[in-house]
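The following exercises concern a single protein model. Please study the sequence and the structure before reading each solution.

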Amino acid sequence: YLRMDIKVLHRPSSTLNRYPSAIAVSSEYLALASGCLVTVTCLSRENDQNKDSEVTLSGHADAVTYVYFTSPSMLLTCSADALLSWNLDAARNAAAAGRNPTSVFVGVGLGEAAFIKTHDQIILMAVKSDIILLDTLKETTRYLEGHASRVMFCDVMNQTNRILSVSSDNNMKVWCLDERRAIAQFHLLTSAPFSSFFLDTDTLYLGSTDGQLHMYE
């Protein structure tokens, strides 16, 4: 028999509405976005008793649409007005000292992201029908345009100069970063919309709302 102990990781606070707009979890933190605020809860069993386990991040003017951990304690939060990076350990230290946690601006006015993924120094963002590539070292922004509907997923393939993307009309594209254009396109046949995505090397797994799992190599 397998025994599982279940505990409540988070109880709604006064800063969080009933239904969060975005959720992300790492080995150390849980992040829940609601409106312009992000509530972060420390999950570590060795939590410092002198610090609150819950911290509220306030830096967005618009509603947060996506949160993504780049490491166990580093969080990206995105809204239409800004893409922000937070050091959550530093945020807890600031809150314990009575100061407001601060963030680093990664991008301004990029739009509401439906999906975010990082690869080395590159941040991939799916915003409406475009894919935005932010190079945090070179401080450059590039756009891949070609989808006719909203991009739901994008990720770097095994070949580092190739990006795979899937849009809400079930079209999949493979992009060449050097040429900034789509080099292949496929229409994925399914009777239900896709709701979850995972790319493992060069195999794409897609979950649809009818409970089916689709695999493409």
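**Exercise 1.** Does H214 count as buried or exposed?

*Solution.* The model is predicted: local features need pLDDT of at least 70, side-chain atom pairs count only at pLDDT 80 or more, and totals for chains, interfaces and linings use all residues. Residues are numbered from 1 along each chain as its sequence is written, and side-chain values use heavy atoms, leaving out hydrogens and water.

Step 1. Buried means under 20% relative accessible area, exposed over 50%, and partly exposed in between (1.4 Å probe, protein chains only).
Step 2. H214 counts as buried because its relative accessibility is 17%.

**Exercise 2.** Which residues does H214 touch, not counting residues up to four places away in sequence?

*Solution.* Contact means heavy atoms within 4.5 Å. With those residues set aside, H214 touches T190, F194, L204, Y205, L206 and S208.

**Exercise 3.** Which residues have the most contacts inside the largest nonpolar core?

*Solution.* Step 1. A nonpolar core is a set of buried Ala, Val, Leu, Ile, Met, Phe, Trp, Tyr and Cys residues joined through side-chain atoms within 4.5 Å.
Step 2. The largest such core has 38 residues, and I116, M125, I163 and V166 have the most contacts inside it.
Step 3. A second, separate core of 19 residues includes Y29, A33, F69 and W86.

**Exercise 4.** How far apart are the C-alpha atoms of V38 and V55?

*Solution.* Step 1. The two residues lie 17 residues apart along the chain.
Step 2. Their C-alpha atoms are separated by 8.4 Å.
Step 3. V38 is buried, since its relative accessible area is 1%.
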